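Student: I am new to this structure. Please take me through one part of it closely.

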Amino acid sequence: MIQRKQTVFILLALVATIACLCLPLGFVSPDGMGADSSLHNLALVDGNNGKWDFSPCVLFAWLALSCPVGVVAMLKYKKRMLQARLCAVNMLLMALWMLSLAAISLVALPDEASLHLGFAACLPLVSFILYFMARKAIIADEKLVRSIDRIR
């Protein structure tokens, strides 16, 4: 199971997704006076009073949905086409996460503040690329198996 390169890609994508869930995405700094607010997948934590605003919780939902799908995709190594479809579903979830982050940064954040993204904000893009590479390798394996069956 773990010997196949696509399983390694899926495992690395899953690790990147879990790291993104745990790490802060960045911070929001006001243009005037005030402390920086911390942006997480689950909430925006106000730096002045510690108040939690759960408006970005949709980011947490996309990543929380992606983790079990990634685990199932990694374990379904004998059913290659199902594994490829699950990788495509995870690619869609990562794309939805990125679109949701863009929408939150444009709509939900105050106008008089600027968003500074950190390292964790690029991890879903890394996951997307890893799921794409895994899906491509899975499809190549399926073509190889079908061509060998055809020769028999």
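Student: In which loop is Asn41 found?

Tutor: First, some ground rules. This is a predicted model, where local features need pLDDT of at least 70, side-chain atom pairs count only at pLDDT 80 or more, and totals for chains, interfaces and linings use all residues. Residues are numbered from 1 along each chain as its sequence is written, and side-chain values use heavy atoms, with hydrogens and water left out.

Now the residue. Asn41 is in the loop between strand S2 (37-39) and strand S3 (44-45). Helices (H or I, at least four residues) and strands (E, at least two) are DSSP runs, numbered from the N terminus. Asn41 counts as buried because its relative accessibility is 1%. Buried means under 20% relative accessible area, exposed over 50%, and partly exposed in between (1.4 Å probe, protein chains only).

Next, its partners. The side chain of Asn41 makes a polar contact with the side chain of Trp97, at 3.1 Å. A polar atom of the Asn41 side chain also lies 2.5 Å from the backbone oxygen of Cys20. A polar contact is a pair of N or O atoms within 3.5 Å; within protein, one must be able to donate a hydrogen and the other to accept it, and residues adjacent in sequence count only if both atoms are side-chain atoms. Leave aside neighbours within four places in sequence, and Asn41 is in contact (heavy atoms within 4.5 Å) with residues including Leu21, Leu25, Pro56, Phe60 and Leu63.

Cys20 leads us to a helix. Cys20 is one of the buried residues of H1. Among the others are Phe9, Ile10, Ala13 and Leu14. Helix H1 covers residues 5-22, 18 residues in all. Its first and last C-alpha atoms are 26 Å apart, close to the 26 Å expected at 1.5 Å a residue. That expected span is 1.5 Å times one less than the number of residues.

S2 and S3 run antiparallel and are joined by 2 bridges. Ser38 stands opposite Val45 in S3. Both strands belong to an open sheet of 5 strands, in the order S4-S3-S2-S1-S5, with antiparallel pairing. Its edge strands are S4 (52-53) and S5 (113-117), each pairing on one side only. Two strands pair if DSSP finds at least two bridges between them.

Finally, the whole chain. The protein chain has 4 helices and 5 strands. Along the sequence, they follow the pattern α-β-β-β-β-α-α-β-α. Of its 152 residues, 35% count as buried.
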